[in-house]
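Here is a protein to look over.

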Amino acid sequence: MTDPQNPSPAEPAPSAQPSAPASAPTPARPLRKGIYVLPNAFTVAALFCGFYAIVMAMNGRFDHATTAIFAAMILDGLDGRVARMTKTQSAFGEQMDSLSDMVSFGVAPALVALEWAMQGLGRWGWIASFIYCACAALRLARFNVNTSVVDKRWFQGLPSPSAAALVAGFIWLMTDEGRNYDAYLSHNAIAWIMFGITLYAGITMVTNLPYYSFKDLRARRSVPFISVVLVVLVIAIINIDPPLVLFGLFVLYALSGFVVYARRRAKGEPVSVISVSTNEPDEIGLHR
């Protein structure tokens with residue numbers, strides 16, 4: 001029994017141990033961003049065609065070089081459609097497509113034209129090639145930044161694939177066997193014609209001329225039976241003389257921008273294809 005006069009000292013309280021900090025949750029591992037294989041495979045194939053065209057031009061095989069540029073055009077038209085059909089569009093694919101276009105429709109046609117005919121023009125030849133190459137880069141850059149404000153029914157300036165087809169088509173036509181153009185035109189005359197076509201194709205790419213894009217044609221929409229007949233006739237006409245017919249078609253397309261521009265000016269209609277209005281019924285779905 002404890003003495004109330006001499007109470008026993010109180011037992012010391014146990015020292016408070018610092019509580020262990022709560023373990024923070026382990027952050028989830030970020031998902032790796034992948035790329036879509038199918039549309040980018042078409043883009044890489046188009047890039048290879050542009051590279052192959054340059055190599056063939058260095059080896060003097062201009063028939064193979066021009067064929068590769070036209071093959072790149074077909075593949076370039078397929079990659080975007082495949083991406084939309086499979087719902088695999090991506091920002092990476094858009095940038096990859098632009099870089100591929102720069103090689104296939106910017107660098108390759110310029111170097112093929114220089115190697116084929118314009119070497120003998122000295123500095124004038126490589127200046128024309130550089131102007132074409134620089135205009136292709138400017139045209140692609142402008143296309144990327146103006147995508148959301150340009151009416152998708154029209155291109156602002158000559159599209160780079162059409163400019164490349166204009167240059168490659170002339171080379172294909174002049175190098176086609178059995179035509180004997182050397183009997184009518186000297187090499188110097190051909191070189192200056194190539195000089196003019198290269199400059200025209202390059203400068204037209206950076207103009208504001210409206211060129212029909214054919215993007216409002218719906219493949220899934222029903223069309224009259226006569227439309228299928230017309231497609232068959234066009235294919236048959238091209239097969240009669242592919243170099244001459246294709247070059248003629250691209251010449252007409254390269255001139256169509258001036259015709260559309262003049263017609264719009266004559267009617268007092270706006271000539272610019274840049275528009276931010278999406279409220280009109282005929283413009284719904286034509287702007288991104």
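**Helix packing, core and salt bridges**

Q: Which residues of helix 4 are buried?
A: This is a predicted model, where local features need pLDDT of at least 70, side-chain atom pairs count only at pLDDT 80 or more, and totals for chains, interfaces and linings use all residues. Residues are numbered from 1 along each chain as its sequence is written, and side-chain values use heavy atoms, with hydrogens and water left out. Buried means under 20% relative accessible area, exposed over 50%, and partly exposed in between (1.4 Å probe, protein chains only). In helix 4, the buried residues are G125, A128, S129, Y132, C133, C135, A136, R139, L140 and R142.

Q: What distance does helix 4 reach from its first C-alpha to its last?
A: Helix 4 covers residues 123-145, which is 23 residues. The expected span of a helix is 1.5 Å times one less than its number of residues. That gives an expected 33 Å for helix 4, and the model comes close to it, at 33 Å.

Q: Which residues does S98 contact, leaving aside its neighbours within four places in sequence?
A: S98 sits in helix 3. S98 counts as buried because its relative accessibility is 12%. Its contacts beyond those neighbours are L140 and N144.

Q: In what order do the elements of the protein run from the N terminus?
A: The protein has eight helices and two strands. From the N terminus on, the order is α-α-α-α-β-α-α-β-α-α.

Q: Which residues have the most contacts inside the largest nonpolar core?
A: A nonpolar core is a set of buried Ala, Val, Leu, Ile, Met, Phe, Trp, Tyr and Cys residues joined through side-chain atoms within 4.5 Å. The largest one has 56 residues, and those with the most contacts inside it are W116 and M194.

Q: Which helix gives the most to this core?
A: Two or more residues each come from helix 1 (37-58), helix 2 (62-85), helix 3, helix 4, helix 5, helix 6 and helix 8 (242-267). The top contribution is ten residues, from helix 5.

Q: Which residues does W116 touch, not counting those up to four places away in sequence?
A: W116 is one of the residues with the most contacts inside the largest core. The residues W116 touches are F62, F170, I171, M174, T175, H187, I190 and M194.

Q: How far apart in space are I190 and I171, C-alpha to C-alpha?
A: I190 lies in helix 6. I190 counts as buried because its relative accessible area is 5%. I190 and I171 are 19 residues apart in sequence, and their C-alpha separation is 9.8 Å.

Q: Which residues are linked in a network of salt bridges?
A: A salt bridge is a side-chain nitrogen of Lys or Arg within 4 Å of a carboxyl oxygen of Asp or Glu. D176 and R179 meet at 3.0 Å, N to O. R179 also meets D241, at 2.4 Å. The network is D176, R179 and D241.

Q: Where are R179 and D241 in the chain?
A: Both R179 and D241 are buried. They are 62 residues apart: R179 is in the loop between helix 5 and helix 6, and D241 is in the loop between helix 7 and helix 8.

Q: Which residue forms a salt bridge with D63?
A: D63 counts as partly exposed because its relative accessible area is 35%. The closest N and O atoms are 3.5 Å apart, and the partner of D63 is R61.

Q: Is K87 buried or exposed?
A: K87 is found in the loop between helix 2 and helix 3. Its phi is near 55°, a positive value in a residue other than glycine. With 68% relative accessibility, K87 counts as exposed.

Note on methods. Helices (H or I, at least four residues) and strands (E, at least two) are DSSP runs, numbered from the N terminus. Contact means heavy atoms within 4.5 Å.
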